[in-house]
Amino acid sequence: MTRDDLRATFDRLAAAGLHGVPGVIAIDSLAPGPVAGITACTHGNEPAGLAAIGALLAMYDAGWRPALGRLLLVVNNLAAAARWFAAADDAARLAARFVDTDMNRLPADVLSRTEADSEGTRARSLAPVWAMLDAALDIHTTQQPSAPMLVEGAADCSDLAAGMPIGIVIRDIVAMQIGVPAFGLYRGRAFEIEAGSHDDPAAWALAAACARIFLGNLGMLPRTAAATPPRDIYRVCGALRLPDARYELERVFPTFHPVRRGEVIARGPGPGGAGLGPDLCAPTDGHVIFAPAATRPPSLANETLFFTRPVERQ
Ligand SMILES: [Zn+2]
């Protein structure tokens, strides 16, 4: 799978549509069954989902149809992904994550709002498609190299993710984050994978493999024979957002760094015991995830990091 292949897949989806909604291809079976969704490019700079969709479209072109139900292939953030493909350098590619609003930080009432922002408008356009989904896999990647992860919203999706070669599960993050992620607006059960780093072909290959396994778990493809690996489950129980630019994290926290309840995570401006404070502390024993790569975050608009309960091994 090359960048040109991703581009061809993107162009094909952008030119297609379902009931007037662009960026959607439906593949129907002849048997009743669930409506499954593979959604790509919720963040415009994360092309791995296009690799997964491209592989399924190649099967479709060769005559494959799902054994049952209906498959919807969707590019969520068409405008941002178009910017990514048009970008001339790394800065422009990074900026192609979204146009106006992070599609994983949408306002909770986005579907009833009327602003003309690119992502809100797109979410309202996609709402009838998202409302069809019984089960969906939303494919993401990360900026930093990272082990692949499953990210669940409110629903346990273990059965839908059985057999995926992913050993880390982030659970319950939707209730703790600012705004709503796109997949939180789908009607049925949905989850994300973080397949690896953005431009790594290994992440693209993993995304394609996970999409096939997902469809196997729904009975639309032959079920994978692969065993589910042991999984470390991290339940998100809190978020920390630095209140202003004078706060600084105590250290750079690698993801899954263990912390103790009451441990100082960030120090604020005075007055305080050491001329600093009020300090911001860990709410519970557990771990820190998704902290920035520096002690001062690049933006104060989003959560600086999340807290999880102590890891559960499954
Ligand atoms: Zn993403």
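Where does Gly-44 lie?

Reply: Gly-44 is found in the loop between S4 and H2. Strands (E, at least two residues) and helices (H or I, at least four) are DSSP runs, numbered from the N terminus. The model is a predicted one, in which local features need pLDDT of at least 70 and side-chain atom pairs count only at pLDDT 80 or more, while totals for chains, interfaces and linings use all residues. Residues are numbered from 1 along each chain as its sequence is written, and side-chain values use heavy atoms, with hydrogens and water left out.

With a relative accessible area of 2%, Gly-44 is buried (buried is under 20%, exposed over 50%, partly exposed in between, with a 1.4 Å probe and protein chains only). Apart from its neighbours within four places in sequence, Gly-44 is in contact (heavy atoms within 4.5 Å) with Ala-80, Ala-81, Trp-84, Ala-96 and Arg-97. Pro-22 is 22 residues from Gly-44 in sequence, and the two C-alpha atoms are 16 Å apart in space.

Glu-46 lies in the loop between strand S4 (35-40) and helix H2 (48-61), and His-140 belongs to strand S6 (residues 135-142), so the pair ties together parts that are 94 residues apart in sequence. Both residues are buried: the relative accessible area of Glu-46 is 2%, and that of His-140 is 1%.

Helix H1 (residues 3-15) and helix H3 (residues 78-86) have axes that come within 11 Å and cross at roughly 145° (axes are lines fitted to C-alpha atoms over the stretch in contact, and angles run from 0 to 180 degrees between N-to-C directions). H1 contributes Arg-3, Leu-6, Arg-7, Phe-10 and Ala-14 to this contact, and H3 contributes Leu-78, Ala-81, Ala-82, Trp-84 and Phe-85.

Ser-112 is placed in the loop between helix H4 (90-95) and helix H5 (118-130). Ser-112 is exposed, at 58% relative accessibility, whereas Gly-44 is buried. Ser-112 and Arg-124 are separated by twelve residues in sequence and by 8.0 Å from C-alpha to C-alpha.
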